[in-house]
Amino acid sequence: MASVTAEARLSVPNSQPMVGLLGAGDELLRIVEDAFPGLDIHARGNQLTIAGLELEVRLCEQVFAEMLAVLDTGQSLTPDAVERSIVMLRSGHDQPSSVLTANILSARGKTIRAKTLGQKDYVDAIATNTVTFGIGPAGTGKTYLAVAKAVQALQRKEVNRIVLTRPAVEAGERLGFLPGTLIEKIDPYLRPLYDALHDMIDPDSVPRLMTSGTIEVAPLAYMRGRTLNDAFIILDEAQNTTPEQMKMFLTRLGFGSTMVVTGDVTQVDLPGGQSSGLRIVENILTGLNDVAFCRLGAQDVVRHKLVGKIVEAYGRYDESEQNHRRSEHREHRNR
């Protein structure tokens, strides 16, 4: 079946100029051609002709159909969107356009949306669960998308405030020993959260919202003893919480609130070999209703392409090291 050849013809509606589909200087067409090197793809007028092995022809035809579906929403296509569509279709997801056109927030002249299937599942989980854990490597949008959902909830008046927190693990949470005012002490640890906020809210409004208590950014130590009602609460860098700190944070949950916990279990910075609260919490909470665990991977990295490859390379290295240690352990046990 794989050796059967076929030809497909795709008519582009007059409402969509070919340049939108093919890209300036045929940039987007070249991306598709590179992804399907065995196919002959020709564009003439408003017609596309695709010829080659049948399975690849059908898949390529679907790629162009999904590209047109994105254009039909009024959204322009980017090289990144085309590449991600191809990856999603090859992995079995038959509607990349539903991922790429699902808007979360429009802010400061740009629209924030998921860019991968994993990110879309994560965003959907936040919308439908009270507590969501986003676990994955750097660059997968865990924190950024959580902040976007928080701002969206605030704008819709679903919550009265946003609470953003991180463990200041490098300071051992002993902030009193650091020089400067409280803001100067905690600023380095919370800067990534400020950066995300400033992308989504007018920077001039952020100080006013913080002064009024509508937005609170604070180290995890400042959450102790509180109950947070009607709030959207995000714990970032949760791999650097101890099991006790994780329990403390989760039990801050009040009525009408949503919690998102993000972290990367491969980047634990806790001193003295302490256990990470994020590593064990899934074993504790799995099976509870209204709690979701979302795992993001290298395929969800939305930074430079090389970042995803680096994450995959480290994953292979870590697996190899674990297999090597297990092999050495078996040899030692059998002696």
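Where does Lys-157 lie? Lys-157 is in the loop between α7 (142–155) and β7 (161–166).

## Basis of the model

This is a predicted model, in which local features need pLDDT of at least 70, side-chain atom pairs count only at pLDDT 80 or more, and totals for chains, interfaces and linings use all residues. Residues are numbered from 1 along each chain as its sequence is written, and side-chain values use heavy atoms, with hydrogens and water left out.

Helices (H or I, at least four residues) and strands (E, at least two) are DSSP runs, numbered from the N terminus. Buried means under 20% relative accessible area, exposed over 50%, and partly exposed in between (1.4 Å probe, protein chains only).

Most residues other than glycine have a negative phi. Lys-157 has a positive phi, near 60 degrees, and is exposed at 73% relative accessibility.

Glu-237 also has a positive phi, near 55 degrees. Glu-237 sits in the loop between β9 (231–235) and α10 (243–250) and is partly exposed, at 26% relative accessibility.

## Strand β6

Strand β6 (residues 131–135) has five of its five residues buried. Val-131, Phe-133 and Ile-135 are on one side, Thr-132 and Gly-134 on the other, and both faces are covered.

Two strands pair if DSSP finds at least two bridges between them. β6 pairs in the parallel sense with β10 (residues 258–263) over five bridges, and five bridges also join β6 to β11 (residues 291–295), again in parallel. Phe-133 stands opposite Val-261 in β10, while the bridge partner of Phe-133 in β11 is Phe-293.

## Salt bridges

The structure holds twelve salt bridges, each defined as a side-chain nitrogen of Lys or Arg within 4 Å of a carboxyl oxygen of Asp or Glu. One of them joins Arg-156 and Glu-158 (3.9 Å, N to O); Arg-156 is exposed at 53%, and Glu-158 is partly exposed at 48%.

Asp-236 and Arg-166 meet in another salt bridge (3.0 Å, N to O). Asp-236 lies in the loop between β9 and α10 and Arg-166 in strand β7, so the pair ties together parts that are 70 residues apart in sequence. Asp-236 is buried, with a relative accessible area of 4%, and Arg-166 is buried at 10%. Elsewhere, salt bridges that share partners join Glu-54, Arg-58 and Glu-61 into one network.
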